[in-house]
Amino acid sequence: MTNQGTSPAKSDDLLLEVKDLKKHFPVKGGFIKKGVGTVKAVDGVDLFVKRGETLGLVGESGCGKTTAGRTILRLLDPTAGEIRFNDPKLGWINLEKLDRKQLQKVRPHMQIIFQDPFSSLDPRMTVERIISEPLLINKMGSGQEVKDRVAELLRVVGMRPEYMSRYPHAFSGGQRQRLGIARALALNPSLIICDEPVSALDVSIQAQVLNLLEDLQRDFNLTYVFVAHDLSVVEHISDRVAVMYVGRMVELAKTEELYYAPKHPYTEALMAAVPKPDPRKRDRPIKLPGEVASPANPPSGCYFHPRCRYAKDICSQENPELIEVSPEHLSRCHFAKELTLRGVIV
Amino acid sequence: MSDIIGQEKVEQDVVLRIKDLHTYFYTDIGVSRALNGVSFEIPLGKVMGVVGESGCGKSVTALTIMRLLVRSAKIMKGEVSFFRHTKKNDLSTMIEAVDLLKLEAMGPEMRAIRGAELAMIFQEPMTSLNPSYTIGDQISEAIILHQEVDHHEGIQRAITVLDQVGMANPKMIVNRYPHELSGGMRQRAMIAMGLSCHPAVLFADEPTTALDVTTEAQILDLMRDLQTQFGTTIVFITHNLGVVAQMCDFVSVMYLGRIVEQAPVEELFYNSKHPYTSALLNSIPHVGSRTKTRLQSIRGVVPDPYSTIKGCPFHPRCDSFMPGKCDQGMPAQSHVNPTHTVRCFLFSDEVEE
């Protein structure tokens, strides 16, 4: 459908390929709780992830980035679309077709790190139980073996193995996030979805966790899908970046290209809105009028057209396809090839 | 215009002078020393940024000045001088100094100042608006109280102020409840509430932290416009250094209940002195840096405020730690130049107390 150009030549380098992914939630209302509409949380995401790279997934709150991440892992069942995962043992498989049992075989290879380190660790479990749980479920050893593995994992994320018997409340936000990372690493996954892993942390701690994620990626050849709304963090960590707006992926490109030569007006506005930490570069950003459209009642045509300063008649009538502007640079805009847009100004 | 009030010489360009503020919280698990001697001056008509990590006392400073602390908090000592015209907004009247800490927190004088002359907008527009009153009722409450108008006129003025903060369709919005508005609209309503009585000083406690970048840009733009239009002094509390760089004229950096460095914004970003400030600046990824260098992180964590650290509170995490010096005494505030102060033994040997 809209996936021209999403598959680079060598599929062995690829780890994940998502085609036209959709996730709709029914809205129930009224006395008999019948469906009164749908929220199109994810409504057309096409992306591919190469082995060992970090793909950033950005967008404003409610744009569907978290839902997209969770649907890719099959924590949510997709409404439509294809999720192809290159499993180290089974080879290419279509995740959307697997049942529970089959999924369990694949799950060890794909993990998730959650946003909130306070609610994602069970307060009634010790650190040892939290980190060993995935090992025990997947029968990766027992007794001392598991304990040694937990100690090793704690060391890997920069924490002392003696902490094993403590409960989560004894740790600070940054330390808890390290525990979440240790748990995600337990089964030697190849893909980790990082869902806003640093947004709940203070800046000095954020830097520690970002550095840790980069070290782990290098040491264990991990592949990240990094979901975040902080554009400076995403620029720092990502090799390529995908931008979402109201459930649709609107642009995907190499980080540098996306930040300095964007091909979608929404990306341009997003880049201009970031407050730059330099008092000598004060500029008035491009004013983006209005509010983010509601995924329950999106506008016609291109979802961005009511706020877009380049919008023409066609934009309110036809939904633009994802087109390849240059190799591996995709944009969902009718005028992607004609517009000259401003990136981050340095 | 005279500027001699009582025995004290009043500088016309300062609106608030805070001296040696100590605020402690008495809780079941001990005493949390939230503020340990905060001193600074807020220049009139400027935007003053207060930055620091969570728990450093940024919000407590504002709440202490506003006298909005919870009951478990005690102001141990300090002085907050508020310089105001004897008749509000009448520039021809004399300037008088009021020590806010000498007033009863819930007494008539403080209540007359709070909301009218000193106002505050809070971080979470979701939780700080009352869900059971309409936006119009909540904004007009302060207007009716301070401007002595009836309900109808109050609502009319609420509509005007909503219009000023760029809310689309303010006539409809006054009848809406908070849950019917988006995050950005709620924050606009909060700002409208804060500005409704044209305060001299507006404390903005992380006003954009809960918002998306495009909405944040709209709100920052709005605050900048309102500041030029009304000349309101803004105290901008945030941990986002990008926002500070774009908005503020002066910056105070806080660490564990003390101001460790104070400077005009350019000076702070280009010539920071305190190791904590430099570390903070180096630990944030910059948009547009293009280079993929490793971020410099600050080792360790912010110590909990229940513990007392001997010497400079930053010494356990500091790269320039000097044994025998930094862990012994508290460095005094010293001047780098007339507008730039720092609290660090690298620049002065003076010890406090």
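Predicted model: local features only at pLDDT ≥ 70, side-chain atom pairs only at ≥ 80, totals over all residues.
Chain A contains ten helices and twelve strands. Its radius of gyration is 21 Å, close to the 20 Å that the globule rule gives for 346 residues, so chain A is as compact as a globular protein of that length. The C-alpha trace of chain A extends over about 70 × 55 × 50 Å along its principal axes. In chain B, eleven helices and 14 strands are found. For chain B, with 353 residues, a compact globule would have a radius of gyration near 20 Å, and the computed 21 Å agrees with this; the C-alpha trace of chain B spans about 65 × 55 × 45 Å along its principal axes.

Two open sheets of chain A can be described in turn. One of them is formed by eight strands in the order E6-E7-E8-E3-E9-E10-E12-E11, with mixed pairing. Strand E6 (110-113) and strand E11 (323-326) of chain A stand at its edges, and each has a single partner strand, so that one side of each is left without a neighbour in the sheet. When direction is ignored, neighbouring strands of this sheet are turned against each other by 25° on average. Within the sheet, strand E3 (residues 54-58) of chain A and strand E9 (residues 240-245) of chain A are paired in the parallel sense through four bridges, and in this pairing Leu55(A) of the one strand stands opposite Arg240(A) in E9(A). Helix H9 (residues 265-273) of chain A packs on the sheet, where it touches both E9 and strand E10 (248-254) of chain A, and the direction of this helix makes about 105° with that of E9(A).

The other sheet of chain A is also open and consists of four strands in the order E2-E1-E4-E5, with antiparallel pairing. Its edge strands are strand E2 (34-50) and strand E5 (91-94) of chain A, each of which pairs on one side only, and the twist from one strand to the next averages 25°. Strand E1 (residues 14-29) of chain A is joined to E2(A) by 13 bridges, the two strands running antiparallel; across from Lys40(A) in E2(A) stands His24(A).

Two helix pairs of chain A were also examined. Two packed helices are described by the angle between their axes and the distance between the axes. For helix H3 (residues 127-137) and helix H4 (residues 144-156) of chain A, the axes come within 10 Å and cross at roughly 120°, and H3(A) and H4(A) are therefore oblique to each other. The crossing of H3(A) and H4(A) is right-handed. On the side of H3(A), the contact is made by Glu128(A), Ile131(A), Ser132(A), Leu135(A) and Leu136(A), while H4(A) contributes Val146(A), Arg149(A), Val150(A) and Leu153(A). By class, the residues of this contact comprise six nonpolar, one polar and two charged.

In the second pair, helix H5 (residues 173-185) and helix H6 (residues 203-220) of chain A pack at an angle of about 15°, with their axes 10 Å apart, which makes H5(A) roughly parallel to H6(A). The crossing in which H5(A) passes H6(A) is right-handed. Here Gly173(A), Gly174(A), Gln177(A), Arg178(A), Ile181(A) and Leu185(A) in H5(A) meet Ile205(A), Gln208(A), Val209(A), Leu212(A) and Leu216(A) in H6(A), and the residues of the contact divide into six nonpolar, four polar and one charged.

In chain B, strand E6 (residues 73-85) pairs in the antiparallel sense with strand E3 (residues 14-27) of that chain over eight bridges, and Thr23(B) has Ile75(B) in E6(B) as its bridge partner.

The contact between the chains takes 35 residues from chain B and 35 residues from chain A. On the side of chain B that touches chain A, helix H8 (213-230), helix H9 (241-247), helix H10 (265-270) and helix H11 (275-283) of chain B each supply at least two residues, and H8(B) gives the most, with six residues. This side of chain B is made up of 16 nonpolar, 13 polar and six charged residues.

How values were computed
Residues numbered from 1 in each chain as written. Chains lettered and ligands numbered in written order. Axes fitted to C-alpha atoms, helices over the stretch in contact; angles between N-to-C directions. Parallel < 35°, antiparallel > 145°, perpendicular 65-115°, else oblique. Left-handed = near helix turned anticlockwise from the far one by under 90°. Contact = placed C-beta atoms within 7 Å. Nonpolar A, V, L, I, M, F, W, Y, C, P; charged D, E, K, R; others polar. Pairing = 2+ DSSP bridges. Rg over C-alpha atoms; globule rule 2.2 N^0.38 Å.
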